[in-house]
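Please view the sequence and the structure together before reading on.

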Amino acid sequence: MRTNTQVSEESQRPLNPKPQVVARPGRHRKPMSAAQPPRSKGASHRKIILTILCVLVILAILAVAAYFIQQLIQSKFFFCSQSLKFIPLEQACDGKSDCSGAEDEATCLSHFSSNYTFPVRLSSNLSVLQIYSASDRKWGSVCADGWTQQHTQTACEQLGYTVNPSHRTIVMNDLPSDLKASYFAIGSGSVQVMQSSFSDKKTCSLGSVVALSCSDCGPPAPASRIVGGHDALIENWPWQVSLQQNGQHTCGGSLLSPKWVLTAAHCFTSRGEVSRWRVVAGKTYLSSLGGSSVEKIIVNADYVAARNDYDLAMMKLSSPLSVGASVKPVCLPPRNLGLTGGAPLVVTGWGHLQENGQLSSNLQKADILLIDQARCSSPVVYGASITSRMFCAGYLEGKVDACQGDSGGPLVYYGRRWMLVGVVSWGVGCAREDRPGVYSNVEQMMNWVYTVMEKS
């Protein structure tokens with residue numbers, strides 16, 4: 001019989017005792033490594049994204065720094081690419097060659113004067129086509145006799161920007177008296193549109209003349225700071241561009257075609273180096289980013305700085321702009337458009353919102369009125385300072401006017417399409433009483449504009 005003592009002793013013995021291990025000197029137990037928790041895939045992705053963002057931020061900072069450094073260098077120096085050296089900017093376009101191959105004198109603005117009569121024009125608000133006879137020194141309206149779509153295409157190409165050109169006929173009895181003085185008819189089989197292709201006529205056999213519509217320029221804008229103006233969208237005024245020198249907005253301009261901009265001569269006060277200029281188009285908000293490089297700047301050689309007379313210049317872009325909703329040319333006006341005092345006009349630009357103020361970051365527009373020429377040139381306004389190449393627009397009581405920074409920009413009139421009738425030129429102050437804005441009269445200098453586009 002087992003006692004409790006015996007049972008207790010037996011219960012404390014292992015049933016399968018393991019042999020005793022004797023520790024040997026010089027041997028130590030290896031430390032046990034802790035178990036690693038599984039790595040989160042989300043944390044790994046976040047780390048990669050963060051790294052990429054940091055790299056992008058650094059690259060952006062470097063790009064911005066490089067841009068401003070480039071602008072700083074360009075504002076002080078001209079780089080001679082052939083001889084790989086910099087020269088002070090004042091030495092560029094100074095009439096002396098300082099670079100190999102005269103690089104510093106090769107791309108300067110030029111002056112051009114037109115001494116001949118451009119042979120094709122559109123007249124009156126009907127846009128009647130007229131041809132000039134150099135031998136007889138007279139203009140004649142073109143008869144509809146024998147006129148074709150090919151003639152329309154050719155004539156419109158001579159006049160500049162051409163997209164989907166079309167023609168219509170106007171009954172001779174409906175013509176203004178000055179368009180009835182002489183007529184020309186196109187020769188049989190001729191596709192040229194020049195005086196040698198026409199014969200002088202006393203009347204048109206079909207009793208009608210040709211009127212042209214050469215492009216989709218000046219599209220209608222829905223009704224929507226210039227001093228006293230309102231915010232505007234570039235889509236409503238897509239011909240408005242910013243002319244920038246060394247990244248700074250200097251003047252406004254008007255797109256006449258994908259490659260040509262019309263502006264004011266006084267925007268170029270010296271023999272400026274052309275590569276300093278860029279044209280920014282299609283922007284509602286003023287920006288120095290992007291922009292198109294300039295191939296030529298041509299100033300009207302008759303420009304007189306002391307009087308601001310013949311205040312027009314043209315810029316030819318290095319490559320054509322892509323025409324779209326926010327980039328589209330304005331129409332040039334026909335001869336004898338016939339505007340009178342009180343005609344409604346619109347001026348646009350990013351100029352100062354008040355005299356001696358700040359540029360506007362948002363494109364501005366202002367509705368103003370054409371001021372009668374007699375009142376504009378009266379002694380109480382501008383007197384003899386006004387020439388036939390100028391006119392006034394705005395209000396004699398002030399309040400609404402173009403200002404600094406609007407120079408060279410468009411003044412437009414709507415007649416089926418928007419037409420460029422004026423270019424912001426000069427004035428005394430901004431929006432002062434009896435000191436309205438003075439604009440270059442585009443119609444009076446159309447011969448020069450057409451000749452520059454043809455010769456260049």
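## A buried loop residue and its surroundings

Asn308 is buried, as its relative accessible area is 18%. Here buried means under 20% relative accessible area, exposed means over 50%, and partly exposed lies in between, with a 1.4 Å probe and protein chains only. The model is predicted, so local features need pLDDT of at least 70 and side-chain atom pairs count only at pLDDT 80 or more, while totals for chains, interfaces and linings use all residues. Residues are numbered from 1 along each chain as its sequence is written, and side-chain values use heavy atoms, leaving out hydrogens and water.

Asn308 sits in the loop between β16 (292–300) and β17 (313–317). Its phi is near 60°, a positive value in a residue other than glycine. Most residues other than glycine have a negative phi. Arg137 belongs to the loop between β5 and β6 (138–142), and it counts as exposed because its relative accessibility is 69%.

The chain as a whole has six helices and 23 strands; these are DSSP runs numbered from the N terminus, helices being H or I of at least four residues and strands E of at least two. Of the 456 residues in the chain, 46% are buried. The accessible surface comes to about 24200 Å², and carbon and sulfur atoms account for 54% of this; such areas come from the Shrake-Rupley method with a 1.4 Å probe, and for residues only the protein chains shown count as cover.

Over residues 48–69 the chain is 100% helix and 0% strand, with the end C-alpha atoms 32 Å apart. A nonpolar surface patch is formed by Ile48, Ile49, Ile52, Leu53, Val55, Leu56, Ile58, Leu59 and Leu62, which together have about 850 Å² of accessible area. Patch members have over 30% relative accessible area and no salt bridge, and nonpolar side chains are joined within 5 Å; a salt bridge is a side-chain nitrogen of Lys or Arg within 4 Å of a carboxyl oxygen of Asp or Glu. Leu62 lies in helix α2 (residues 41–76) and is exposed, at a relative accessible area of 51%.

In helix α4 (residues 149–158), the residues His151, Thr152, Thr154, Ala155 and Cys156 are buried. The buried residues of α4 pack against β5 (128–133), β7 (166–171), β8 (183–186) and β10 (208–213), where contact means heavy atoms within 4.5 Å.

Aromatic rings form the last topic. Rings of Phe, Tyr and Trp (its six-membered ring) pair if their centres lie within 6.5 Å; planes under 30 degrees apart count as stacked, over 60 as edge-to-face and the rest as tilted. The count by this rule is eight aromatic pairs, and the table describes two of them.

| Pair | Centre to centre | Angle between planes | Type |
|---|---|---|---|
| Phe118 and Tyr450 | 5.2 Å | 25° | stacked |
| Tyr414 and Trp418 | 5.2 Å | 55° | tilted |

Phe118 and Tyr450 are both buried. Tyr414 is partly exposed, with a relative accessible area of 36%, whereas Trp418 is buried at 10% relative accessibility. Tyr414 and Trp418 also belong to one aromatic cluster with Trp237 and Trp239.

Methods:
Patch = residues over 30% accessible without salt bridge, like charges linked within 9 Å, V, L, I, M, F, W, Y side chains within 5 Å.
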